[in-house]
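Dear colleague,

Here is the structure I promised to hand over, together with an account of what was found in it.

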Amino acid sequence: MKKKRLTVFASGSGSNFKALHQAVLENEIPASITALISDNPKAKAIEYAKYCGISTYILSPKDFSEEAAWCKSLEAVLADGIPDLIVLAGFLKKIPEPILSQYPKKIINIHPSLLPKYGGKGWYGKHVHRAVIQNRDSESGCTVHWVNNIYDGGPVIAQKRVPVYPDDTPESLAERVLREEHRLYPKVVKELLLK
Ligand code: GRF
């Protein structure tokens, strides 16, 4: 079987990217990672990608005169990689519309809440976990979903729940959720590639 190809987008620490890459190295995910795209030159994900010899592209909208030009440069990298799946792993920019329409059912994201709760513009990282604790929710978790033109609004593919404890802080809850993200994301990517 021809090896499948993944292109990953990440803006931050890249722990999900690392978990995916580890799963690739362990042949858990039957694919190769063709490229890492980031909008943030300081992203730890870039360091890791370079260390692993994965092609790295720093493409931030603020370095382009208009969004269309940024989009064209993303399109070129994607066209080069011919990805079977585009995996957003903590990518903080919205994927431009032309890319959404060129890659239908091929772009996924992971979010640190049980969507549709705590999803949408402005809901990320500590903001999510702080609200979960303030609202005294008894459970939280993570969601893998298809990406469409609504922030965190695409159809849900899979979720994993975790308990919220009375003495949780946003940090302790984030850690518990992130640990599950690292298990869930590779599992879902594998299942989608084998479909
Ligand atoms: C994760 O919590 C993910 O759910 C969200 O952004 C965070 C990225 O973390 N979309 P990392 O960069 O993978 O460590």
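Helices and strands are named here as DSSP runs, with at least four residues (H or I) for a helix and at least two (E) for a strand, and they are numbered from the N terminus. In those terms, Asn27 belongs to the loop between α1 and β2, the latter spanning residues 31-38, and Asn27 has a positive phi, near 60°, although it is a residue other than glycine. Please bear in mind throughout that this is a predicted model.

The peptide bond that joins Leu115 and Pro116 is cis, with omega at about 15°, and Pro116 sits in the loop that runs between β5 and α5.

I turn next to the ligand. Its surroundings are made up of Ser13, Gly14, Ser15 and Asn16, then Gly90, then Ile110, His111 and Pro112, and finally Leu178 and Glu181. Sorted by class, this shell holds three nonpolar residues, six polar ones and one that is charged.

Which atoms of Ser15, Asn16 and Pro112 come up to oxygen atoms of the ligand? For Ser15 it is a polar side-chain atom, which lies 2.5 Å from a ligand oxygen, whereas for Asn16 it is a backbone N or O atom, at 2.8 Å from an oxygen atom of the ligand. Pro112 likewise takes part through its backbone, with a polar atom there placed 3.4 Å from an oxygen atom of the ligand. On its own the ligand has 370 Å² of accessible area, and the protein covers 82% of that area.

The space that the ligand takes up is the largest pocket.

The largest pocket itself contains about 940 Å³ of space, and its lining consists of 37 residues, with Gly90, Phe91, Leu92, Tyr124 and Gly125 lying nearest its centre. At least two lining residues come from each of α1, β5, α5 (125-134) and α6, and the element that gives the most is α6, with five residues. By class, the lining of this pocket comprises 15 nonpolar, 15 polar and seven charged residues.

Finally, how many cavities of 30 Å³ or more does a search of the whole structure find? The search finds one, and the volume of this largest cavity is about 40 Å³. Its lining is formed by Ser113, Leu114, Lys117, Tyr118, Val132, Asp137, Glu139 and Ser140, which by class amounts to three nonpolar, two polar and three charged residues.

With best wishes

Conventions
Residues numbered from 1 in each chain as written. Predicted model: local features only at pLDDT ≥ 70, side-chain atom pairs only at ≥ 80, totals over all residues. Heavy atoms only, no water. Near = heavy atom within 4 Å. Polar contact = N/O pair within 3.5 Å; in protein donor to acceptor, adjacent residues only side chain to side chain. Areas by Shrake-Rupley, 256 points an atom, 1.4 Å probe, with all protein chains shown as cover. 1 Å grid on protein atoms, 1.4 Å probe; cavity = no way out; pocket = protein on both sides within 12 Å on 5 of 7 lines; lining within 4 Å. Sits in = over half its atoms within 2 Å of the grid points. Nonpolar A, V, L, I, M, F, W, Y, C, P; charged D, E, K, R; others polar. Points joined across faces, edges and corners; volume = space filled by probe spheres on them.
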